[in-house]
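Subject: Structure handover

Hello,

Please find the structure below. My notes on it follow.

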Amino acid sequence: MTLLEVRDLTVTYPGGAEAVRGVDLSLEAGRKLGVAGESGCGKSTLALALLRLLPAGTKVGGQVLLDGEDVLTMRWGRVRAVRWAGASIVFQGAMHSLNPVHRVGDQIAEPILLHGDATPSAAKRRAGELLEQVGLPGARARAYPHELSGGQRQRVMIAMALACDPRLVIADEPTTALDVMIQAQILRLIEQLVSEQELGLIMISHDLAVLADTCDRLAVMYAGRVVEEGPARAVYEDALHPYGKALSSAFPRIGDPASRFAPRGLAGDPPDPADLPSGCTFHPRCPVALDACAVEDPWLREAGTGRRAACVHVGATVPPPAGPAEDVRSTT
Ligand SMILES: Nc1ncnc2c1ncn2[C@@H]1O[C@H](COP(=O)(O)OP(=O)(O)OP(=O)(O)O)[C@@H](O)[C@H]1O
Ligand code: SF4
Ligand SMILES: [Mg+2]
């Protein structure tokens, strides 16, 4: 069975921001899916929706099937059990959110005590083992967060995410605040843990190059939608969607003098999710827009083996999912 199947996921915040608009994704155990896109395109909202962590009053529609069970319709008791043990999140900027007055070992032991029947001493022992697993000496369990470097704190957050042996780990910008050497170490660590433990990984980043290096597949989001999806290297090196192309050309490549001396950005700003443009939401910024793009909203189309892109210039149309149009729930 597919580990995670997201079907026609929609999220509308109180106030009307349509932050996620009909996202379909799937992930098998032991595989790594990257989610990329500019600031504000809905990446963190998507991650939070997967575990029903959005603020009260937010409307969420669609399905999030974790091992076939829909997280969006679970009772709260079951949701609490699934968080940590079924799936866990390393939050964006999380290394700054460790509790400064508690030893890191106690913070790692806490979810183990809450979600299992371990004794306090067994949970402590497990916390030490988890620290070793992420490359820190077990004795660092006695350290307070301020006694650790940024990279070490991020390792603690990863250890915490692994504490209850989840099947799925969602890492939201896990390396953004770290220098490049530590970033590389953390990425290799995540890759190693995924392959050793057959985890599924969703890794979110605005950095396409990092995702192409780490993940098997890559989904590019724009204005709350996946506009391109496919094998990570292929999307990075030869994007089909004009936005995917612009995003990947914004990153200089080793060995490509043209990109080094003239890294290309994208003019204009992403749209306000409470006031989206008509038609293709990318049309005001798109260098190859047709007149029809201001009116017609393209769905993801098949674009070669295992690739999809949502643009009139790409392949044949795959019909939109026939999900229930009014299946909208509140997270409260
Ligand atoms: N609690 C909230 N209430 C209302 N709108 C929100 C809330 N959280 C996020 N948004 C809006 O939803 C949109 C998507 O935000 P989100 O945080 O998911 O983007 P992101 O892709 O993770 O961006 P970044 O790369 O900066 O982390 C943004 O326009 C944001 O302003
Ligand atoms: S559908 Fe039109 S506006 Fe949208 S990306 Fe394709 S060409 Fe550009
Ligand atoms: Mg974010």
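Strands β9 and β10 form a hairpin with 2 residues between them, and Ala-223 in the turn has a positive phi of about 50°. This is a predicted model, in which local features need pLDDT of at least 70, side-chain atom pairs count only at pLDDT 80 or more, and totals for chains, interfaces and linings use all residues. Residues are numbered from 1 along each chain as its sequence is written, while chains are lettered from A and ligands numbered from 1 in the order in which they are written. Helices (H or I, at least four residues) and strands (E, at least two) are DSSP runs, numbered from the N terminus.

Strand β9 covers residues 217-222 and pairs with β10 in the antiparallel sense over 6 bridges; two strands pair if DSSP finds at least two bridges between them. Within this pairing, Ala-219 stands opposite Glu-229 of β10. On β12 (residues 308-309), β10 has another antiparallel partner, over 2 bridges. There Glu-229 stands opposite Arg-308.

Strand β10 (residues 225-231) has 6 of its 7 residues buried, so it is largely enclosed by the rest of the structure. A residue is buried if 20 or more other C-beta atoms lie within 10 Å of its own, exposed if 12 or fewer, and partly exposed in between, with C-beta atoms placed from the backbone.

Next, the ligand. Around ligand 1 there are 16 residues, and those that come nearest are Tyr-13, Ser-39, Lys-43, Ser-44 and Thr-45; a residue is near a molecule if its C-beta atom, placed from the backbone, lies within 6 Å of it. Helix α1 (residues 43-50) gives the largest share of this shell, 3 residues. By class, the shell has 6 nonpolar, 9 polar and 1 charged residues. Here Ala, Val, Leu, Ile, Met, Phe, Trp, Tyr, Cys and Pro count as nonpolar, Asp, Glu, Lys and Arg as charged, and the others, Gly among them, as polar.

Leu-178 sits in the loop between β7 (168-172) and α6 (180-197). With 19 other C-beta atoms within 10 Å, Leu-178 is partly exposed. Its C-alpha atom is separated by 6.6 Å from that of Gly-151, 27 residues apart along the chain. Not counting residues up to four places away in sequence, Leu-178 touches Gly-150, Gly-151, Gln-154, Gln-183 and Ile-186, where contact requires C-beta atoms, placed from the backbone, within 7 Å.

For the whole protein chain, there are 10 helices and 14 strands. Of its 332 residues, 43% count as buried.

Regards

Methods
Two residues are in contact if their C-beta atoms, placed from the backbone, lie within 7 Å.
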